[in-house]
Amino acid sequence: MADWDQRFMELAGFVAGWSKDRSRQVGCVIVAQDNSIRSIGFNGFPRGLNDDHDDRHERPAKYFWTEHAERNAIYAAARNGIPLAGCRMYLPWFPCVDCARAIVQAGISELVSLHPDFSDPQWGEGFRTSVDLLEEAGVAVRFTMP
């Protein structure tokens with residue numbers, strides 16, 4: 001499994017490069033049990049929105065305009081009628097609470113991610129809640145190295 005983990009984490013890192021986010025680029029890959037790719041996503045503005053507005057990239061406004069990679073991958077699958085129940089998600093970051101709920105609701109059974117930085121001033125507390133939420137919902141979480 002480790003070989004596949006490395007491949008999909010590298011792919012998620014590559015997909016992250018498609019993001020136009022000026023401060024953090026995140027990619028996500030969702031795969032089935034047979035390692036076939038079901039969906040990919042990266043953080044960015046919703047479809048059809050102009051991402052050339054500088055003010056939309058500044059905090060705190062960017063949080064109103066930007067969708068996270070995890071949810072974009074889930075939405076892309078839904079848009080194309082692709083089921084995600086029982087799938088694995090690869091994420092070279094750690095999901096916020098909103099994304100953790102989406103992971104649970106989409107039926108994703110396993111998350112492979114970087115270990116969360118609980119000391120992060122912006123995301124740390126939310127990461128703790130995400131860990132608890134995923135654990136209670138039965139989503140297996142495995143941590144990998146960057």
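This is a predicted model: local features need pLDDT of at least 70, side-chain atom pairs count only at pLDDT 80 or more; totals for chains, interfaces and linings use all residues.
Two strands are counted as paired if DSSP finds at least two bridges between them.

Let me begin with strand β1, residues 27–31. Five bridges join β1 to strand β2, residues 37–42, and the two run antiparallel. Within this pairing, Ile30 stands opposite Ser39 of β2. The two strands form a hairpin with five residues between them, and in the turn Asn35 has a positive phi of about 70°. β1 also pairs with strand β3, residues 88–91, again in the antiparallel sense, over three bridges. Here Val29 has Tyr90 as its bridge partner.

How many of the five residues of β1 are buried? Five of the five are, so the strand is largely enclosed by the rest of the structure. In a regular strand, side chains alternate between the two faces of the sheet. For β1, Gly27, Val29 and Val31 lie on one side and Cys28 and Ile30 on the other, and both faces are covered.

I turn now to the aromatic residues. The structure holds nine aromatic pairs. One of them joins Trp18 and Phe42: the ring centres are 6.0 Å apart and the planes stand at 90°, so the pair is edge-to-face. Trp18 lies in the loop between α1 and β1, whereas Phe42 belongs to strand β2, so the contact ties together parts that are 24 residues apart in sequence. Both residues are partly exposed, Trp18 with a relative accessible area of 43% and Phe42 with 29%.

A further edge-to-face pair is formed by Phe94 and Phe127, at 5.6 Å centre to centre and with 85° between the planes. Phe94 is in the loop between β3 and α4 and Phe127 in helix α5, so this pair ties together parts that are 33 residues apart in sequence.

Two arginines lie over ring faces. Arg7 is placed over Trp4, at 4.8 Å from the ring centre, and Arg56 over Trp65, at 3.8 Å from the ring centre.

Ile40 is in strand β2 and is partly exposed, with a relative accessible area of 31%.

Finally, I come to the charged side chains. A search of the whole structure finds eight salt bridges. In one of them, the closest N and O atoms of Asp5 and Arg142 are 2.6 Å apart. That bridge links distant parts of the chain, as Asp5 is in helix α1 and Arg142 in strand β5, 137 residues apart. Asp5 is buried, with a relative accessible area of 9%, whereas Arg142 is partly exposed at 28%.

Glu110 lies in strand β4 and Arg142 in strand β5, so the pair ties together parts that are 32 residues apart in sequence. Glu110 is buried, with a relative accessible area of 18%.

Conventions:
Residues are numbered from 1 along each chain as its sequence is written. Side-chain values use heavy atoms; hydrogens and water are left out. Buried means under 20% relative accessible area, exposed over 50%, partly exposed in between (1.4 Å probe, protein chains only). Helices (H or I, at least four residues) and strands (E, at least two) are DSSP runs, numbered from the N terminus. Rings of Phe, Tyr and Trp (its six-membered ring) pair if their centres lie within 6.5 Å; planes under 30 degrees apart count as stacked, over 60 as edge-to-face and the rest as tilted. A charge sits over a ring if NZ of Lys or CZ of Arg is within 6 Å of the ring centre and within 35 degrees of the ring normal. A salt bridge is a side-chain nitrogen of Lys or Arg within 4 Å of a carboxyl oxygen of Asp or Glu.
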